[in-house]
Amino acid sequence: MYSKNQLIRQTLTISAVAVAFGFMPQLVKADPGFSFGDSVAKNEDCLKCHNNKKIVGDNRLINGKVFQHTTHAQIGCKTCHNSVPDNHPGSGGKVTMTTTCADCHKDISTEYSISKHSISVPNCSGCHNPHTAHKAGEVYALELNSTCTNCHNQMKISATHAQWLPQTDLHLGSISCVTCHTKAENFVMSVYIARRNSNISNNTPLIADFEYLKNKTNSDDIHKLVDKNLDNYISIEELKAFNRNPSNKDLYLKAILTPSKTTHAFQTSDKSLNCTLCHASGPSAAQVSKLVLPKPDGTFRQMDIEKGDDIASLNVIPDFYMMGSSRNSILNILGVAILAGGLVMPVGHGFFRFLTRKNRKKE
Amino acid sequence: MESQSKYIYLQPTPVRIWHWLNAFGIVTLIISGAQIRFPEYITICGSYRSAILLHNTAGIVVALSFSFWFFYYKWVSGALTNIYVPKMDELSNGLIKQVFYYFWGYFKGASAPFHATPDSKFNPMQKSAYLAIMFVIVPLVSLTGIMLLNIGPLRQILLMIGGLQILVILHFLLACVLGAFLLTHVYLATLGSTPLAYFKPMWTGWEKVEHHHDDEHHATDLHEISAHSQVSKN
């Protein structure tokens with residue numbers, strides 16, 4: 001039996017797949033020989049040499065294992081490297097390229113062109129390697145930062161943030177750069193399964209990889225570690241059950257704040273500099289949450305987590321707390337009750353003190 | 001019955017400095033802490049960042065002030081146990097007397113069953129309350145606060161005790177208990193012969209006491225001097 005929500009989700013999933021396949025013929029138009037169907041074979045032709053360092057050297061080396069999981073692999077090498085001469089790889093058989101990133105990523109290109117980054121790094125390849133590029137959600141959120149730290153010195157990043165940002169290391173360890181340094185208005189709390197470190201002085205989070213979780217579950221369906229009812233949807237109760245389960249003592253849930261949509265404008269929103277964007281907008285700031293699970297190929301996939309304020313409640317994500325917005329309403333009531341207890345003497349005793357004031361008048 | 005006003009030197013300078021530093025620090029912590037938890041409703045400290053910085057600074061000041069208090073009473077005056085830990089007799093007898101006085105005798109106009117001296121400053125009820133506050137609540141709220149300032153280095157330890165949220169909850173609830181105590185503390189301080197009678201010694205050090213010759217509880221401490229000599233000193 002499917003619930004109404006499950007039916008809606010499945011319908012949306014099927015629709016998304018249908019739309020995606022409907023989009024494919026347009027890619028095929030770019031080069032009919034490189035449709036999704038035969039792209040693997042065509043890529044293999046190229047990768048025979050370009051996956052071998054001894055043949056092509058470092059500069060032209062493609063990591064086939066990483067490349068095959070990118071969207072770019074699906075459209076095939078020749079979609080971008082669109083003029084491979086017949087005598088390639090012979091002498092003079094240099095591959096030219098008239099296709100640009102903007103041919104497919106027009107919106108991103110336009111957006112990027114207005115950013116300051118476009119002056120110092122005019123080409124997409126200055127930051128992204130198209131042969132290793134994954135969608136933001138497929139990469140560990142803090143791994144996204146490595147794109148930034150290729151140019152921006154990490155020590156300098158910490159130092160400049162520390163000039164104004166309290167708990168700098170804590171922020172930089174729980175938020176990816178693009179969360180603040182884009183014009184994104186909404187955020188997603190990405191929840192990862194991390195491994196506890198037996199060495200208590202080592203505080204670098206260690207995200208559990210697919211193999212580790214596979215060994216733990218004895219299955220490729222590692223999501224059943226959390227998604228107990230296998231409905232591809234994570235309820236708050238399932239997260240609590242994960243935390244309570246003694247066999248998960250070696251694991252914990254780590255949350256990282258990511259933008260709901262990454263943009264390439266790289267303009268720091270004024271709201272980001274004002275702490276209250278995250279710390280004062282109430283629990284709604286963290287209402288959209290995703291469980292991010294590793295895939296066998298080293299990338300990640302996301303599963304929806306139940307929406308609502310309960311994400312801030314005790315024992316859901318023990319390692320995460322956002323002051324000002326993760327507060328729990330039951331505790332607030334308890335706090336007010338305790339403070340009200342402190343008013344018993346001033347109000348209660350004070351009342352009788354006022355009524356009996358004549359008894360204490362000096363003779 | 002003959003009575004005469006006398007002054008006793010009840011609060012030495014280090015204690016008074018500590019008290020007002022603590023008072024100022026704790027009020028700052030409560031206000032800034034309230035803004036940190038409810039930034040949509042409270043903006044008294046300005047920006048959220050200002051509230052955080054103020055809270056952290058005041059927290060460190062209060063934690064140091066607590067250490068100063070402990071050091072002074074334990075090793076300089078040596079009176080920590082005598083002043084703050086209630087004796088068996090005080091618990092079994094004095095506590096009931098004091099509660100009875102506050103909730104009955106006081107309203108009937110009876111005189112207080114306890115009179116402060118420099119060596120025995122607190123009545124059994126105060127002793128019990130301060131024991132809980134100074135030996136349990138303040139150390140714990142300071143400790144959880146210091147831990148919250150060092151989440152990164154303590155991450156693995158925090159995970160062992162149940163996570164960051166446990167720490168925040170403890171800090172919040174302990175702070176509420178301290179806030180509730182503060183309300184009661186300030187109110188009880190107005191129950192002297194005049195509403196400001198108990199506030200003055202915490203500012204000047206000297207407490208004015210009605211000295212009854214037939215009163216067995218009168219202060220006989222060496223610090224005690226007559227009202228006249230105190231006036232001539234000034």
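How much area do chain B and chain A bury between them, and what percentage of it is on carbon and sulfur atoms? In this predicted model, in which local features need pLDDT of at least 70, side-chain atom pairs count only at pLDDT 80 or more, and totals for chains, interfaces and linings use all residues, side-chain values use heavy atoms, with hydrogens and water left out. Residues are numbered from 1 along each chain as its sequence is written, while chains are lettered from A and ligands numbered from 1 in the order in which they are written.

Chain B and chain A bury about 4,400 Å² between them, with 63% of it on carbon and sulfur atoms, where buried area is the accessible area (1.4 Å probe) that two parts lose on being put together, summed over both. On the chain B side, Phe107(B), Gln156(B) and Gln165(B) lose the most area to chain A, and together they account for 17% of what that side buries. The contact (heavy atoms within 4.5 Å) joins 47 residues of chain B to 50 residues of chain A.

Between chain B and chain A there is 1 salt bridge, defined as a side-chain nitrogen of Lys or Arg within 4 Å of a carboxyl oxygen of Asp or Glu; the side chains of Arg155(B) and Asp319(A) meet in a salt bridge at 2.7 Å, N to O. The side of chain B that touches chain A draws at least two residues from each of helices H1 (13–37), H2 (48–76), H4 (88–108), H6 (155–160) and H7 (164–188) of chain B, helices being DSSP runs (H or I, at least four residues) numbered from the N terminus. H7(B) supplies the largest share of that side, 15 residues. By class, the side comprises 32 nonpolar, 10 polar and 5 charged residues, with Ala, Val, Leu, Ile, Met, Phe, Trp, Tyr, Cys and Pro counted as nonpolar, Asp, Glu, Lys and Arg as charged, and the others, Gly among them, as polar.

Within chain A, the domain assignment, which is automatic or taken from a database, gives domain 1 (4–126) and domain 2 (164–305). Their contact takes 8 residues from domain 1 of chain A and 7 residues from domain 2 of chain A. The area buried between these two domains is about 800 Å², of which carbon and sulfur atoms give 60%, and the count of salt bridges between them is 0. On the side of domain 1 that touches domain 2, the elements giving two or more residues are helix H1 (4–30) and helix H8 (106–113) of chain A, and H8(A) gives the most, with 3 residues. The residues of this side divide into 2 nonpolar, 4 polar and 2 charged.
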